[in-house]
Amino acid sequence: IKKVLGEKVKILIMVRNPIQRAFSMYFHLFKAKRETLTFFDALQAEEHRSEMGWGDAWLFKAHSLYYEKVKIYMDAFGPDNVKVIVHDDFTRDTVRGMQEVYRFLGVDPTFVPNNINIAYGRTGVYKNRLATFLGTSTPFKTSFRQMLPLSVSRTLKNFKDSYLQHNTIKTSSPDEHSVALLRQYFMNDIGNLEHHLHLNLNSWK
């Protein structure tokens, strides 16, 4: 990014509770029948899987660590050009969160998009066949969508997002043994984020 666009680039990074993020990664694969282990067993198997060359999609713990990744951007572009957004805060008051983003980008902070209350990419179990069809990506659907006029494609996407918002059952929470394991695993990473970025992440602990 720096090589192509230079140093004066605005970087937005959203960080989510790492336990929830890890479970979301797991459930995405589990729902697609690409993960057969329980969440706890998959966490226990992660190091072995990594050594065996499994893809990044199965590294639920490692890919939910933030500090070193955020630090790379901070060092490259400077703290004034990198804004870290806490997902919990953003979803709690999305309008305020967007206003902070607009101010960071130097654009009109009073603008409110008409789709601000739609939750995109919601993780969960689809309630019916239509929701399953709409929420499942296939090469054919991708190619077909690319052939449509932009206005039609946007209309269909808005319909899909709205329908899935009302026809997706929220996933269950991770089991207590997995939560205990992950709290210990993420402890130092969360502490570094709090200390160096002056964030309050008590809800993650």
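**Helix 11 and what it packs against**

User: What do the buried residues of helix 11 pack against?

Analyst: They pack against helix 2 (18-31), helix 3 (39-44), helix 5 (67-77) and strand 2 (82-86). This is a predicted model, where local features need pLDDT of at least 70, side-chain atom pairs count only at pLDDT 80 or more, and totals for chains, interfaces and linings use all residues. Residues are numbered from 1 along each chain as its sequence is written, and side-chain values use heavy atoms, with hydrogens and water left out.

User: How are helices and strands picked, and what does buried mean?

Analyst: Both are DSSP runs numbered from the N terminus: helices are H or I with at least four residues, strands are E with at least two. Buried is under 20% relative accessible area, exposed is over 50%, and partly exposed is in between, using a 1.4 Å probe and protein chains only.

User: Which residues of helix 11 are buried?

Analyst: Ser-178, Val-179, Leu-182, Phe-186, Asp-189, Ile-190, Leu-193, Glu-194 and Leu-197. An α-helix has 3.6 residues a turn, so residues three or four places apart point the same way.

User: Where does helix 11 bend?

Analyst: At Phe-186, by about 45°, within a helix that covers residues 176-197. That bend is the angle between axes fitted to the seven residues ending there and the seven starting there.

User: OK, the ends. Which residue caps the N-terminal end of helix 11?

Analyst: Asp-175 does, with a side-chain oxygen 3.2 Å from the backbone nitrogen of His-177. A polar contact is a pair of N or O atoms within 3.5 Å; within protein, one must be able to donate a hydrogen and the other to accept it, and residues adjacent in sequence count only if both atoms are side-chain atoms.

User: What else is Ala-22 in contact with?

Analyst: Leaving aside neighbours within four places in sequence, Ala-22 is in contact with Phe-39, Phe-60, Ser-64 and Leu-182. Ala-22 counts as buried because its relative accessible area is 0%. The C-alpha atoms of Ala-22 and His-63 are separated by 7.7 Å, though the two are 41 residues apart along the chain.

User: And helix 5, at what angle does it pack with helix 11?

Analyst: About 30°, with the axes 9 Å apart, and helix 5 and helix 11 are therefore roughly parallel to each other. The contact is made by Tyr-67, Glu-68, Val-70 and Met-74 of helix 5 and Asp-189, Asn-192, Leu-193, His-196 and Leu-197 of helix 11.

User: How about Leu-193, buried or exposed?

Analyst: Leu-193 is buried, at a relative accessible area of 0%. Leu-193 and Tyr-67 are 126 residues apart in sequence and 5.7 Å apart in space, C-alpha to C-alpha. Not counting residues up to four places away in sequence, Leu-193 touches several residues, including Tyr-66, Val-70, Leu-201 and Trp-204.

User: Changing topic: where is Arg-49, and what is it in contact with?

Analyst: Arg-49 sits in helix 4 (residues 46-51) and is buried, with a relative accessible area of 6%. Beyond neighbours within four places in sequence, Arg-49 is in contact with Glu-35, Leu-37, Ala-42, Trp-54, Trp-58 and Phe-60.

User: Last one: how many helices and strands does the protein have?

Analyst: Eleven helices and four strands. Buried residues make up 34% of the 205 residues.

Conventions
Contact means heavy atoms within 4.5 Å. Axes are lines fitted to C-alpha atoms, for helices over the stretch in contact, and angles run from 0 to 180 degrees between N-to-C directions. Angles under 35 degrees count as roughly parallel, over 145 as roughly antiparallel, 65 to 115 as roughly perpendicular and the rest as oblique.
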